[in-house]
Amino acid sequence: MDPLSGFFGSLLWWLFFMYLLLWPQIQYRGLQVTRARMLQRLSRKRGSTVIAMIHRQESIGLFGIPVYKFISIEDSEEVLRAIRMAPKDKPIDLIIHTPGGLVLAATQIAKALKDHPAETRVIIPHYAMSGGTLIALAADKIIMDPHAVLGPVDPQLDQYPAPSIIRAVEKKGADKVDDQTLILADVAEKAIKQVRDFVFYLLKDRYGEEKARELAQILTEGKWTHDYPITYEQAKELGLHVETDVPEEVYALMELYKQPVRQRGTVEFMPYPVKQEGGGK
């Protein structure tokens, strides 16, 4: 075998391996650039600072391992930095797509949004549950897709809803449960009060104290399961200030946050064919 041919063969295999290794990262970098351009376009159109906090399952790397995202301390650091850098006399549009996350992080973001001097708008193209709803309540306007949903903000302790822990103790009787359950119930009461007080703080200036207390009570009392979807219509019935004029650029931006590549997609569709002018098909 020609040594030179063997060398080039090995080099080609090595280059091919490096291509497989680096290509997902190159693709991801390209997505980041495209997202930044879309955010810039939306910012110019709306005359605002646009911030996106989109938590979708993504696959990055050679083997396409899925990464699940929730509201984290890292998110709050980034969003707070973006809000600090935003011009004080210009609006902020915060695009949220999230199942929720840490109450601490969501609280920090919500307070920073509330404290911004100019108008603030939270845009929800699909869903903003739990901590996402808490952040949305801080905005002057909540802009939802007609089929997007919010969620209750009742605190969760480990795997249990705080209101359910309290009700379980009440039904059984404090003298019939162990000390650990009593401690858990005490923490649950404090957690509910803390979140309820914060929701009231977020809403009182725009809704008045009476309506703010009513909304804070409803959203934290455990009336629904924690994953209950509060639709646009129901949000209106509750008295929340919600609108449905989601900019088209937001939907285009969501297309740039792809789910992991699968062997076969679970949803497929074909757009309705539109005839071209001049007799084309």
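In S5, which residue is the bridge partner of Ile92? The bridge partner of Ile92 in S5 is Thr120, and the report below places this pair within the sheet to which S4 and S5 belong.

The structure is a predicted model, in which local features need pLDDT of at least 70 and side-chain atom pairs count only at pLDDT 80 or more, while totals for chains, interfaces and linings use all residues. Residues are numbered from 1 along each chain as its sequence is written, and side-chain values use heavy atoms, with hydrogens and water left out.

**Overview**

The protein contains 9 helices and 12 strands, where helices (H or I, at least four residues) and strands (E, at least two) are DSSP runs numbered from the N terminus. Of its 281 residues, 40% count as buried, a term that stands for under 20% relative accessible area, with exposed meaning over 50% and partly exposed lying in between (1.4 Å probe, protein chains only).

Five strands form an open sheet with parallel pairing, in the order S1-S4-S5-S7-S12; two strands pair if DSSP finds at least two bridges between them. Strands S1 (49-54) and S12 (242-243) stand at the edges with a single partner strand each, so one side of each has no neighbour in the sheet. The pairings, with an example of facing residues for each, are as follows.

| Strand pair | Bridges | Facing residues |
|---|---|---|
| S1 and S4 | 6 bridges | Thr49 and Ile92 |
| S4 and S5 | 4 bridges | Ile92 and Thr120 |
| S5 and S7 | 4 bridges | Ile123 and Ile143 |
| S7 and S12 | 2 bridges | Ile142 and Val242 |

Ile51 also stands opposite a residue of S4, namely Leu94. In S4, 6 of the 6 residues are buried, so this strand is largely enclosed by the rest of the structure. In a regular strand the side chains alternate between the two faces of the sheet. In S4, Ile92, Leu94 and Ile96 point one way, whereas Asp93, Ile95 and His97 point the other way, and all are buried.

**Cores**

A nonpolar core is a set of buried Ala, Val, Leu, Ile, Met, Phe, Trp, Tyr and Cys residues joined through side-chain atoms within 4.5 Å. The largest such core has 49 residues, of which Leu113, Ile124, Ile135 and Leu150 touch the most other members. Helix H6 (residues 179-207) gives the most to this core, with 7 residues. At least three residues of this core come from each of domain 1 (7-151 + 229-260) and domain 2 (152-226), with domain bounds that come from an automatic or database domain assignment. Leaving aside residues up to four places away in sequence, Ile124 touches a set of residues including Ile96, Ile142, Asp145 and Val246. A second, separate core of 13 residues includes Ile143, Val250, Met254 and Leu256.

**A position in helix H5**

Ser164 is found in helix H5 (residues 162-172) and is partly exposed, with a relative accessible area of 38%. Ser164 and Glu221 lie 57 residues apart along the chain, and their C-alpha atoms are separated by 9.3 Å.

Note on methods: Contact means heavy atoms within 4.5 Å.
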